[in-house]
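Take a moment to look over the fold before reading on. The paragraphs below walk through it step by step.

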Amino acid sequence: MPRYELCVILKAMQRPETAAVLRRTVETLFERGAVVRSLENLGERRLPYKISKHNCRHTHGGYFSIDFHASPNIVSELLDHLERDVDVLRPTVLKKDAEVSEAQGCGLQNEKAKGATSR
């Protein structure tokens, strides 16, 4: 199963309400067969622009990141579900790349190794 990152902006709420929304979101992932690796709170901050969602204008939101493994065919269904959630302002799913090994990466160490072997 590929690895994904779900980035969500939730409307500004008190801690218990925020926890309930995150619980709902993670349970939705579990119901669809996903394996959640981590959940990270990125903090509450002012939005870069006003977001109108469900007949309300929002200027602040809570940013969260959920790292998970799931089948590719559930991603569109998950986004559709989150778009209908009244507490979620902006859901985004990103596919995470496989880890880059040192041999594939670029950098000073690789350049030094190439220079040493070509001499």
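In what order do the four strands form the open sheet? The order is β2-β3-β1-β4, and the pairing is antiparallel. Two strands pair if DSSP finds at least two bridges between them. The edge strands, β2 (35-53) and β4 (88-95), each pair on one side only. On average, neighbouring strands of the sheet are turned by 20° against each other, direction ignored.

A word on the source. This is a predicted model: local features need pLDDT of at least 70, side-chain atom pairs count only at pLDDT 80 or more, and totals for chains, interfaces and linings use all residues. Residues are numbered from 1 along each chain as its sequence is written, and side-chain values use heavy atoms, with hydrogens and water left out.

Now follow the chain. It has three helices and four strands. Along the sequence they follow the pattern β-α-β-β-α-β-α. Helices (H or I, at least four residues) and strands (E, at least two) are DSSP runs, numbered from the N terminus.

Look at β2 and its partner. Strand β3 (residues 56-69) pairs with β2 in the antiparallel sense over 13 bridges. Here asparagine 41 stands opposite phenylalanine 64 in β3. Arginine 45 lies over the face of tyrosine 63, at 4.7 Å from the ring centre. For such a placement, NZ of Lys or CZ of Arg must be within 6 Å of the ring centre and within 35 degrees of the ring normal.

Next come two helices. Helix α1 (residues 15-31) lies across β1 (3-11), β2, β3 and β4. It runs at about 40° to β3. Helix α2 (residues 75-84) also lies across β1, β2, β3 and β4, running at about 165° to β4. Axes are lines fitted to C-alpha atoms, for helices over the stretch in contact (heavy atoms within 4.5 Å). Angles run from 0 to 180 degrees between N-to-C directions.

Where is serine 71 found? Serine 71 sits in the loop between β3 and α2. Why does serine 71 count as partly exposed? Its relative accessibility is 28%. The partly exposed class lies between buried (under 20% relative accessible area) and exposed (over 50%), with a 1.4 Å probe and protein chains only. The C-alpha atoms of serine 71 and tyrosine 4 are separated by 9.7 Å, yet these residues are 67 residues apart along the chain.

Finally, the whole chain. Buried residues make up 34% of its 119 residues. Among contacts between residues at least 6 apart in sequence, 72% join residues at least 24 apart.
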